[in-house]
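I open the notebook for today's structure.

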Amino acid sequence: MTTELETLTQRYPGAKTFRFGDNATLCAELLALVRSGRKRATCGALHDYEGGEAMPRVGRCDIALTWEGSPALVIETVELVQCRFDEVTEDMALAEGEDDSLEDWQAGHRAYFERNGGFSPDMMLVWERFALVEDLGPVE
C-alpha cells in the first residue's frame with residue numbers, strides 16, 4: 001500500500017478502494033465526470049458484490065483509484081438501492097452522469113455488463129448515490 005493510500009485509510013477508517021469502469025479510458029472518463037459534478041451515482045451487478053467486491057455502505061467513505069492504482073477521489077455513499085436492471089428509473093440513470101436519457105443509459109450499461117459477466121434485463125443491480133468528499137489530484 002502506498003504512503004498516500006495508507007494516510008487516506010487512516011483519515012477515512014473503513015474506506016474501501018475501487019475503480020470506476022472496466023478499462024483505463026472509461027475509468028478516466030468517469031473520474032472526470034465525478035470531478036465536474038455531473039456524476040453523482042453509479043451501479044454494479046449484485047453478483048460482483050456477492051463474488052467478493054466490497055459492497056458500498058451508506059455513510060462510509062471509499063477511495064476511487066485511477067486505473068493505474070493511484071488514489072483519485074474520496075466519495076461518501078448517501079443512498080443505496082437494490083433493483084433489477086429494467087427497474088432503473090430515468091432519474092437514477094441521469095444521476096450517473098454518463099448519458100442524456102434512460103435509453104442511452106440502458107444501451108451503455110447493457111454493453112458494459114455483457115463485457116463483464118453477462119447481462120439480463122432482470123439482473124439485480126446495486127445502485128449507489130454518492131457525494132464527492134475529496135478530490136485528490138488532477139485528471140489523468
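Is Lys39 buried or exposed? I find Lys39 at 0% relative accessibility, so Lys39 counts as buried. For the terms, I take buried as under 20% relative accessible area, exposed as over 50%, and partly exposed as in between, with a 1.4 Å probe and protein chains only.

A note on the source: this is a predicted model, where local features need pLDDT of at least 70, side-chain atom pairs count only at pLDDT 80 or more, and totals for chains, interfaces and linings use all residues. Residues are numbered from 1 along each chain as its sequence is written, and side-chain values use heavy atoms, with hydrogens and water left out.

**Salt bridges**

I searched the whole structure and got 10 salt bridges; the term means a side-chain nitrogen of Lys or Arg within 4 Å of a carboxyl oxygen of Asp or Glu.

Lys39 is in one of them, with Glu96, at 4.0 Å from N to O. The two are 57 residues apart and link distant parts of the chain: Lys39 lies in the loop between helix H2 (24-36) and strand S2 (41-45), Glu96 in the loop between helix H4 (90-95) and helix H5 (102-115). Helices (H or I, at least four residues) and strands (E, at least two) are DSSP runs, numbered from the N terminus. Glu96 has 1% relative accessibility and therefore counts as buried.

Next I looked at Arg84 and Asp86, whose closest N and O atoms are 2.6 Å apart in a salt bridge. Arg84 is partly exposed at 32%, and Asp86 is partly exposed at 38%.

Arg110 is partly exposed at 41%, as is Glu114 at 47%. I also noted one network, in which salt bridges with shared partners join Lys39, Glu96 and Glu98.

**Helix H5**

I checked the span of H5: its 14 residues reach 20 Å from first C-alpha to last, close to the 20 Å expected at 1.5 Å a residue. The expected span is 1.5 Å times one less than the number of residues.

Which residues of H5 are buried? I list Leu102, Trp105, His109 and Phe113. Down the axis of H5 these buried residues fall within an arc of 55°, so they line one face of the helix. The arc is taken from the directions from the helix axis to the C-beta atoms. Last entry: just after H5, Gly117 takes a positive phi of about 110°.
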